Amino acid sequence: MKTSIIGFPRVGELRELKFATEKYFRKELSTEELEKKGKELRNKHWQLLVDQGIDFIPSGDFSFFDTTLDAAVLLNIVPKKYQALQLSPLETYFALARGYQGASGDVTALAMKKWFNTNYHYMVPEIDDDTELRLVGDTLFTAFNEAKEAGINTRPTIIGPFTLLKLATYHGTKRAVDFYEDAIDAYAQIFNRLAKSGCQWLQIDEPALVLDLSTAEVQQFKTIYQKLLAKKGTVKVLVQTYFGDVRDAYQELIDLPFDGLGLDFVEGRKTLNLLEKYGFPEDKTLFAGIVNGKNIWKNNYKETLALLEKLQSFGEVVLNTSCSLLHVPFTLANETGLSKTVTDYFAFAVEKLAELNDLKQIIANKQSNQALLNTNIALFTQERFAKNEQVAQQVNALTEQDFVRLPSLTDRAVVQKDKLKLPILPTTTIGSFPQTKEVKQNRAKFKKGEITETQYTDFNKAKIAECVAFQEEIGLDVLVHGEFERNDMVEYFGESLDGYLFTEKAWVQSYGTRCVKPPIIWGDVSRSNPITVAYSKYAQTLTDKPMKGMLTGPVTILNWSFPREDISLREATLQLALAIQEEVLDLEENGIEIIQIDEAALREKLPLRQSDWHSEYLDWAIPAFRLVHSKVKPTTQIHTHMCYSEFADIIQDIDNMDADVISFEASRSNLTILDALKAIDFQTQVGPGVYDIHSPRVPSVGEIETTIHNILSKLAVEKVWINPDCGLKTRGVPETEASLKNLVLAAKKVRGGV
Ligand code: GLN
Ligand code: ZN
């Protein structure tokens with residue numbers, strides 16, 4: 001059996017690509033230097049895959065920002081306003097990714113959305129009626145040739161036309177179907193050009209096939225590929241799916257003249273059923289996703305081998321990962337702080353390559369590889385997760401009432417108004433202020449033991465004082481302490497929770513140059529000591545205005561951690577909810593009157609198929625949030641924040657979280673969510689986010705005023721809050737200060753006119 005992977009973490013073992021790109025953004029690196037770094041990393045990764053015995057090696061999975069954006073640019077899907085800037089190709093690319101404000105003009109970035117059910121974000125291609133979809137770029141070919149020069153015949157990978165056009169947004173009257181013909185021509189050109197260069201296999205990613213598809217869509221998929229595959233020439237085409245099973249399109253898929261089908265046996269609950277029910281064509285190769293590309297636990301060889309035995313009866317099988325390894329950290333090799341008893345259970349990207357190779361060897365020769373198998377079997381026969389009986393009992397003892405906050409939202413609004421005395425259209429921020437070099441250095445020095453704990457906290461306190469003074473000066477109404485102590489939204493909390501493990505270098509790309517380092521849930525979770533209380537309490541002493549306490553909610557903590565595999569996600573989340581509940585009550589007792597519990601990632605693990613939404617997720621995720629705040633006083637105002645605004649379809653569930661105020665990002669998606677809020681008469685007060693913090697550009701007062709008026713045309717003024725659309729940690733100081741000043745001025749101007 002051969003081995004294959006779908007994609008590899010391009011950011012590099014030590015996030016080399018991130019650092020190089022950021023240097024380029026700061027103009028400390030030239031275009032040539034950045035290109036060189038990219039080339040160096042691509043070559044290094046290909047070589048690594050070769051060394052680890054991987055047979056099918058991808059190219060085209062590398063990107064300076066996002067592979068969906070790469071595909072869009074390759075196919076000329078670049079809106080006019082970016083072309084009009086007349087920048088170099090690389091600058092145009094980054095203008096699409098991050099917006100551009102400079103001598104050539106002023107444009108916002110493309111919208112960014114979560115990539116299926118992951119914490120990776122892709123750039124949403126924008127298509128106008130006059131978009132000319134045709135092959136214009138050459139990144140894919142350059143990468144293939146580069147590898148070829150290094151003696152490696154790679155399998156180029158590109159997102160397929162069906163998924164690409166399904167994920168795009170359309171500004172004019174045309175829709176995806178109107179671009180299919182052009183797409184077919186362009187992809188056919190790609191196939192032929194690659195074939196000419198000596199390419200043997202090509203990987204077309206069509207993850208949209210794991211979504212709920214209408215009959216019409218399945219038919220469209222079929223038509224596209226009937227036409228496209230008729231033009232494919234000599235190259236062999238693998239259609240690759242991941243993040244689920246392809247139940248709506250399986251029969252069509254096996255009938256089409258693909259050479260390989262990539263199916264997910266990890267998240268695809270029905271994949272095996274589909275094969276058993278409808279068979280698998282003899283003339284195709286099955287790329288079987290059996291090594292989990294999303295979690296960090298070792299593969300259970302015995303189970304996988306049993307599955308493979310079944311699969312072999314269907315024909316030629318290639319051992320594959322379930323999805324791109326982009327979603328797991330690079331390697332365990334740099335985790336020097338964790339004991340071997342723990343790391344024995346982990347496999348990051350590089351170790352997953354070894355797993356594929358182990359499985360290949362065992363299948364080729366079971367006898368001589370028996371020891372390999374036995375070691376793995378032994379791992380799975382031991383008790384592997386740290387237990388805490390008390391926590392398990394607490395979860396079991398929960399009753400209906402634990403999930404209900406009294407009095408009702410409307411009654412609470414009255415007492416809170418009385419107590420907090422906020423103006424209409426109150427202004428606030430989402431929590432974090434810029435994590436400057438000094439802020440990061442302070443943390444790093446403390447971690448390395450170069451400064452004392454007092455020095456460390458004194459620095460943070462000085463930053464808090466500075467931050468509070470600034471907020472008072474510009475006239476914000478509800479203040480925050482600025483989150484200078486936080487490394488990230490989850491790790492910071494996990495550090496005060498029993499049952500958590502932390503890594504040093506286990507970064508995973510979230511979007512562009514941004515990476516996250518998800519902690520690992522290793523046992524039953526409980527709060528070992530107060531987490532945010534001291535800093536919040538201190539910040540409140542500096543001002544008479546309300547200081548908003550700042551926590552991360554249980555669903556987000558779970559979704560941004562690597563979860564256990566032995567208990568349900570529901571149980572793990574309830575454990576977290578009880579721990580955060582303790583923190584909420586602690587803050588309240590210490591005089592904090594407004595507490596924001598971020599559920600930035602609530603939507604992230606929403607099952608991809610709507611039929612599973614409630615039963616598999618929302619039915620426990622929403623109550624888990626309610627559990628966190630159900631015991632606070634009526635006067636304590638609970639806020640929550642969610643990133644992105646793609647939740648029109650679960651809007652009622654969001655309202656059912658029963659927070660007093662919710663902030664989210666609507667600015668980047670043109671406030672479309674407001675209609676959904678209006679339609680269900682959304683009860684929670686709302687701060688839809690009046691400007692986009694993902695870009696360094698500064699919104700003008702007038703621009704923000706317009707946005708506020710837009711919001712007020714849809715929502716009652718007494719329900720509206722004015723805030724940026726997310727935390728400011730990734731921004732620089734100058735643009736943050738300028739933007740917030742404008743925000744407050746805009747709110748004041750609108751107030752004057754209401
Ligand atoms: N309070 C967090 C912050 O401001 C929220 C961030 C987020 O939702 N991603 O950074
Ligand atoms: Zn956010």
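Predicted model: local features only at pLDDT ≥ 70, side-chain atom pairs only at ≥ 80, totals over all residues.
**View 1. Zooming in on strands 22 and 23.** Strand 22 (residues 661-664) runs parallel to strand 23, and three bridges join the two. To get your bearings, look for Val661, which stands opposite Gln685 in strand 23.

**View 2. The annotated binding site.** An unreviewed UniProt entry carries the annotation "binding site" for Ile430, Gly431, Ser432, Glu483 and Asp598. These residues span 169 residues in sequence, yet no two of their C-alpha atoms are more than 12.9 Å apart, so they gather at one spot.

**View 3. Gly431 and its surroundings.** Follow the loop between helix 17 (409-420) and helix 18 (437-447) and you will come to Gly431. Gly431 has 26 C-beta neighbours inside 10 Å and therefore counts as buried. Leaving aside neighbours within four places in sequence, Gly431 is in contact with Val480, Glu483, Met550, Gln596 and Gly727.

**View 4. Asp598 in strand 20.** Asp598 sits in strand 20 (residues 594-598). Asp598 counts as buried because 25 C-beta neighbours fall inside 10 Å. Not counting residues up to four places away in sequence, Asp598 touches Met489, Leu551, Thr552, Gly553, Thr556, Thr640 and His641.

**View 5. The shell around ligand 1.** Ligand 1 is surrounded by 13 residues, and the closest are Ile430, Gly431, Ser432, Ala600 and Gly727. Sorted by class, this shell has six nonpolar, four polar and three charged residues.

View 6. Eight strands form another open sheet, with parallel pairing and the order 1-14-13-12-11-10-8-2. Its edge strands, strand 1 (2-3) and strand 2 (58-59), each pair on one side only. Two bridges join strand 1 to strand 14 (residues 317-321), and these two strands run parallel. A handy place to look is Thr3, whose bridge partner in strand 14 is Leu319.

Technical notes. Residues numbered from 1 in each chain as written. Chains lettered and ligands numbered in written order. Pairing = 2+ DSSP bridges. Helix = DSSP H or I, 4+ residues; strand = E, 2+ residues; numbered from the N terminus. UniProt positions renumbered as here; feature names shortened; annotations may be inferred. Buried ≥ 20, exposed ≤ 12 C-beta atoms within 10 Å, placed from the backbone. Contact = placed C-beta atoms within 7 Å. Near = placed C-beta within 6 Å. Nonpolar A, V, L, I, M, F, W, Y, C, P; charged D, E, K, R; others polar.
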